[in-house]
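Here are a few exercises to work through with the model open in your viewer. Try each one before you read its solution.

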Amino acid sequence: MTSNSIRTQNLGYPRIGLQRELKKRVEAYWKSEISAAELEQSSAELRRKHWEIQRDAGIDLIPCNDFSLYDQILDMTCLLGNIPSRFHWHGEPVDLDLYFRMARGKEGAGTAEQGCCASGAELACEMTKWFDTNYHYLVPEFDDASQFQISSSKVFDEFIETTELGLNAKPVLIGPLTYLVLGKEVNSTGEFDRFELADALIAVYVDVLKKLHRLGAKMVQIDEPAVVLDLDERHREILQKAYVEFARQVPGLEIQVAAYFGELRENLSPFLDLPVAGLHLDAVRGRSEIESAISRLKGKNKFLSLGVVEGRNVWKTNLKAALKLLRHAADELGENNLLVAPSCSLLHVPVSLAQETGLDPEIANWLAFADEKLAEVETLRVVLETGDRSDAAFVDNEIAIQSRRRSGKVSAPSVQARLAALRDDMFERDSPFTIRKELQRSQLQLPAFPTTTIGSFPQTAEVRQARAKFRHGEWTKHQYETFLRLRTADCIQMQENIGLDVLVHGEFERNDMVEYFGEQLEGFTFTRFAWVQSYGSRCVKPPIIFGDVSRPRAMTVDWANFAQSCTSKPMKGMLTGPVTILQWSFVRDDQPRRDTTMQIALAIRDEVTDLEAAGLPIIQIDEAAIREGLPLRRSDWPAYLDWAVKAFRLSSTGVADETQIHTHMCYSEFNDMLDAIANLDADVITIENARSNLELLEAFAHFSYPNEIGPGVYDIHSPRVPTTGEIVTLLRQAGSVIQKENLWVNPDCGLKTRSWEDVKPALQRMVAAAQVCRRELPATV
């Protein structure tokens, strides 16, 4: 390649593997079916395969250290030696045991009746959403005793692996500003501020960069997506200080700083002024700033990587439009100062479209997964360099773009007409909550501290095997449904035996809380192998919204009817809310997200009214993802929250006052949007709370939340089973903030990913804790 050739790069590749190999091997390690050495070997093989795929796709700068056994932020925490004190770490290299204890927690040796944590128990690090994606990261913790040192060799080992393969790889690190911004203070007294640790943190980054340089690294990619957030002047000073220090201390190392997920706005100028070799900008979600950035970088001898291929959605890139922008950048900056890239890491999209032979061929031709996106990057480079727009891949892309625009599969006039006919009264319940509450309590006759679960129960190997047999034609529909009815009846009987007050049917018929509905709604298509990582070994297969959405028939009523027939206790109908269906799908990009959400809301509204007509007294509409849909800039929140809240209300307000509407939200920080949560006007909200040590409830001390609430009392993402005493303590703390008569008792989230061995004792202890709290109530409550 000549010195003035345009280079290509990738920021990150899906780590899970084409067949979810990583998930399977990690879970085998957790079950002690394979050793640490075997896990390391299979991980190395997977990394090599991924690097070779990128090399063969023509990518010039291939990332390393983007691979992770659980989470890239956890990897950074281990590299920096920022290990929370509860893990009793003494400075030795972080091993797999400690790594996974931080991710998943550790069961203690205590008994069910112990108060607080059992002896030897270790609570997992808090988990929350990565910016506005559906990926979860483990939150870094800082206190006034935090110190940093290199404590993991992962980034160095993986770079050495690439050199042995003869690859031109660039190690990827999470930048110091982003690491601090995404963390939180814990166990601190006084006025401790984690940003006071910046100098110490930067010093260890310098040590990491020096070591990588000694190992032969020519370039390091440092990701600073925090620059798309609302930052203050102190944050920008830390950003500048860090990269000035890196340039001073490691002058021979090319550093590229990557920003993605949105516009930089007031952070753009300081970002462009960083003393580094090059910068990456998201030219999809930050498109409006690219011409300005190009103009400001002209003549500065700094390369610019333009992320023109969308790394977070599955639609083909409009290569003609991308080429126009790239040509302008090349003319202004010089071809040797331009890199072509995806907008962000391809972690957020499936691996390859090649396996999806069952998709409608017309729709499949509109799509591009990770491997296809790498091919788009290479096509852009070739056409940009040669000027040959007759390139076959370039021509095929234009045909696909035009096909999607003209297709009759995209628009449904009846759906558009229904959306246009919405009335204001369709967004309101008949009566305020104070009236509804009394009607619902009279009808349901529940005890104080009513117990329930969030919806799903363990999807065991037996359940997954049964689904596979039906899918592959080995079982008839009758055989499969008979199996599901037996499992459902068993689950209901188990809940009754444990003593839960409000039951669920277990959702054994559902493969995923979004995909299940996507398969039954018009305007959606679904895949067989298009998995993406949600957290750790948890993978999801999002449906794809390609057109106008409607509900051709009832989706859950038959199963709800069967479940209610198995018990005299109240049964919840379980639905996924419109915003969550939107957020956890790959969404069409040819109309506003608001319009798509309202279409989904109308479909869910129809299902809610059908469930009520079938006799279900409680209907839960999960909005687990409502916060992750928040724009990254606070000034953009009001517009989003306006239509997101309206979408939930549209889906939920078609029922009588006696019907109780629940919603569930998980693994997000809600403190700053409690007004919007209250405006949902759900009768009961259940929330994630255990892993964040009841921090969320502190907000309720300053916000008089008007409706009923179930703060999660145990962390279902950890294998450890809480003691009864722990749960009692959490409920007492909750009762000090929230009126006890408004408190529900429930886990943090659905139980799908857990085992029955975890679930049964945890629920038994949860029910026992509720009974303790009932006995403590005064007779008047």
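This is a predicted model: local features need pLDDT of at least 70, side-chain atom pairs count only at pLDDT 80 or more; totals for chains, interfaces and linings use all residues.

Residues are numbered from 1 along each chain as its sequence is written, and side-chain values use heavy atoms, with hydrogens and water left out.

**Exercise 1.** Work out how α3 and α4 pack.

Solution. Start with the geometry: α3 (residues 72–80) and α4 (residues 96–104) pack at about 130 degrees, their axes 11 Å apart. That angle makes α3 oblique to α4 (under 35 degrees is roughly parallel, over 145 roughly antiparallel, 65 to 115 roughly perpendicular, the rest oblique). Next, list the contacts (heavy atoms within 4.5 Å): Leu74, Asp75, Thr77 and Cys78 of α3 meet Tyr99, Met102 and Ala103 of α4. Finally, sort these residues: five are nonpolar, one is polar and one is charged.

**Exercise 2.** Decide how enclosed α26 is.

Solution. Take its span: the twelve residues, 724–735, reach 16 Å from first C-alpha to last, close to the 16 Å expected at 1.5 Å a residue. Then count burial (under 20% relative accessible area is buried, over 50% exposed, in between partly exposed). Nine of the twelve are buried, so α26 is largely enclosed by the rest of the structure. Among them are Ile727, Val728 and Leu730.

**Exercise 3.** Describe the surroundings of Thr753.

Solution. Locate Thr753 in the loop between α26 and α27 (756–776). Its relative accessible area is 35%, so Thr753 is partly exposed. Leaving aside neighbours within four places in sequence, Thr753 contacts Tyr535, Arg538 and Ile716.

Terms used:
Axes are lines fitted to C-alpha atoms, for helices over the stretch in contact, and angles run from 0 to 180 degrees between N-to-C directions. Helices (H or I, at least four residues) and strands (E, at least two) are DSSP runs, numbered from the N terminus. Ala, Val, Leu, Ile, Met, Phe, Trp, Tyr, Cys and Pro count as nonpolar, Asp, Glu, Lys and Arg as charged, and the others, Gly among them, as polar. The expected span of a helix is 1.5 Å times one less than its number of residues. Buried means under 20% relative accessible area, exposed over 50%, partly exposed in between (1.4 Å probe, protein chains only).
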